[in-house]
Amino acid sequence: MNPGKKLAALWGIPTLALALPCSTQSATIRDDQPDSSYLALANDSEFAAVGLFVNSWGFTGSATLIAPDWILTAAHNLVAASSGTFTLNGVAYASTQLIGNPGWNGDGFNGYDFGLVHLSSPVTNVTPATLYTESLQPVLPATFVGFGLTGTGLTGYKTLDNLKRAFNNEVDGDFGNPARVLGCDFDNPHTNADNSFGSATPLTLEGCVANGDSGGGVFVTINSRTYLAGVISFVAATDGSANADYGDVSGFGQISFVAPWINSHVPEPSTTALLIGLGWVLQWQRSRRNHAGRRA
Ligand SMILES: [Ca+2]
Ligand SMILES: [Ca+2]
Ligand SMILES: [Ca+2]
């Protein structure tokens with residue numbers, strides 16, 4: 001992907017939108033798969049630590065519990081915010097401190113789209129996600145979890161129904177800085193013309209991130225254990241419109257390169273030092289196509 005092209009940070013959705021009537025259309029999911037499958041995947045216990053994050057100026061994003069009283073989200077969810085509320089399993093937790101990564105400069109391609117939020121009281125009924133602190137090696141499937149807008153690959157994002165969805169995709173692309181930012185394309189089951197990275201065949205529950213998924217979790221399962229490996233940051237487009245339809249690209253920051261910063265603020269996040277990589281095939285494929293997007 002051409003780093004010079006614009007992308008759409010997944011700026012949140014005004015909470016006012018939550019009150020608007022929502023259709024039953026499912027979201028940035030395959031048009032030939034049931035929405036119920038994506039909803040069920042999100043409700044897997046492995047992803048229980050992902051909750052809704054609404055900042056003080058009323059925009060909706062997502063976040064993941066990484067310690068009983070700390071959540072990890074996107075830095076751009078914290079811009080100009082004085083506080084935020086994290087909701088998990090119907091319980092709202094107020095913030096006491098917002099910490100955007102000091103390296104964040106508004107450019108998702110450069111990474112650093114990470115923010116930490118300290119909660120006023122600990123979450124006692126959900127186990128925090130375990131951080132994956134090694135650098136991800138392509139190609140591997142990952143699961144993206146968030147509360148963003150919904151629609152299909154044919155329509156792009158259309159509605160916000162405040163439900164947690166998850167989709168799978170193969171992490172097989174980057175934006176020129178793979179140690180920090182990785183991505184995956186939304187492959188179209190009806191044509192290979194939308195393929196940008198790797199295989200043109202979508203996974204069964206393939207999808208794309210959309211507005212409001214910002215700060216949500218990117219999970220990988222290694223040796224039967226599931227880890228939080230990334231934070232959802234942006235959607236980029238090959239078709240000039242970053243609307244999360246087929247062909248658009250999900251981008252996320254790797255936790256590994258900001259792990260020291262996380263550890264400097266969060267006393268005891270659950271992490272792993274598992275060494276990996278030898279078993280993975282290094283098939284890093286980059287798009288030769290220019291991608292254009294827009295800020296949402
Ligand atoms: Ca894909
Ligand atoms: Ca592909
Ligand atoms: Ca598009």
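Me: Let's start with Asp185. Is Asp185 buried or exposed?

Reply: Asp185 is buried, at a relative accessible area of 0%. Buried means under 20% relative accessible area, exposed over 50%, and partly exposed in between, with a 1.4 Å probe and protein chains only.

Me: Where does this model come from?

Reply: This is a predicted model: local features need pLDDT of at least 70, side-chain atom pairs count only at pLDDT 80 or more, and totals for chains, interfaces and linings use all residues. Residues are numbered from 1 along each chain as its sequence is written, chains are lettered from A and ligands numbered from 1 in the order in which they are written, and side-chain values use heavy atoms, with hydrogens and water left out.

Me: Back to Asp185. Which ions does Asp185 bridge?

Reply: Asp185 bridges the calcium ion (ligand 1) and the calcium ion (ligand 2). The two ions lie 3.9 Å apart.

Me: Which residues coordinate ligand 1?

Reply: Asn169 (OD1), Asp185 (O), Asp185 (OD), Asp187 (OD) and Glu206 (OE) do, at 2.4 to 2.6 Å. Asp185 lies in strand S15 (residues 181-185) and Glu206 in the loop between S15 and strand S16 (217-222), so the pair ties together parts 21 residues apart in sequence. Strands (E, at least two residues) and helices (H or I, at least four) are DSSP runs numbered from the N terminus. Donors are N, O and S atoms within 2.8 Å of the metal (3.2 Å for Na, K and Ca); water is not among the atoms, so sites may look incomplete.

Me: Is Glu206 buried or exposed?

Reply: Glu206 is buried, at 1% relative accessibility.

Me: What coordinates ligand 2?

Reply: Asp185 (OD), Asp185 (OD), Asp187 (OD), Asp187 (OD), Asn195 (OD1), Phe197 (O) and Ser199 (O) do, at 2.2 to 2.7 Å. Asp185 sits in strand S15 and Asn195 in the loop between S15 and S16, so this pair ties together parts 10 residues apart in sequence.

Me: How are the donors of ligand 3 spaced?

Reply: The spacing along the chain is D-x1-S-x1-N-x1-D-x2-D. The protein donors of this calcium ion include Asp239 (OD), Ser241 (O), Asn243 (OD1), Asp245 (OD) and Asp248 (OD). Asn243 is buried, with a relative accessible area of 16%. Asp245 is buried too, with 13%.

Me: New topic. Where is Asp113?

Reply: Asp113 is in the loop between strand S7 (91-100) and strand S8 (115-119). Asp113 counts as buried, at 3% relative accessibility.

Me: What does Asp113 touch?

Reply: Among others, Thr73, His76, Trp104 and Val231, not counting residues up to four places away in sequence. Contact means heavy atoms within 4.5 Å. A polar atom of the Asp113 side chain also lies 2.8 Å from the backbone nitrogen of Ala75.

Me: Last one. How many aromatic pairs are there?

Reply: The structure holds 12. One of them, Phe175 with Phe234, is edge-to-face: 5.0 Å centre to centre, 70° between the planes. Phe175 lies in the loop between strand S14 (173-174) and S15 and Phe234 in strand S17 (residues 225-236), so the pair ties together parts 59 residues apart in sequence. Both Phe175 and Phe234 are buried. Rings of Phe, Tyr and Trp (its six-membered ring) pair if their centres lie within 6.5 Å; planes under 30 degrees apart count as stacked, over 60 as edge-to-face and the rest as tilted.

Technical notes
Polar contact = N/O pair within 3.5 Å; in protein donor to acceptor, adjacent residues only side chain to side chain.
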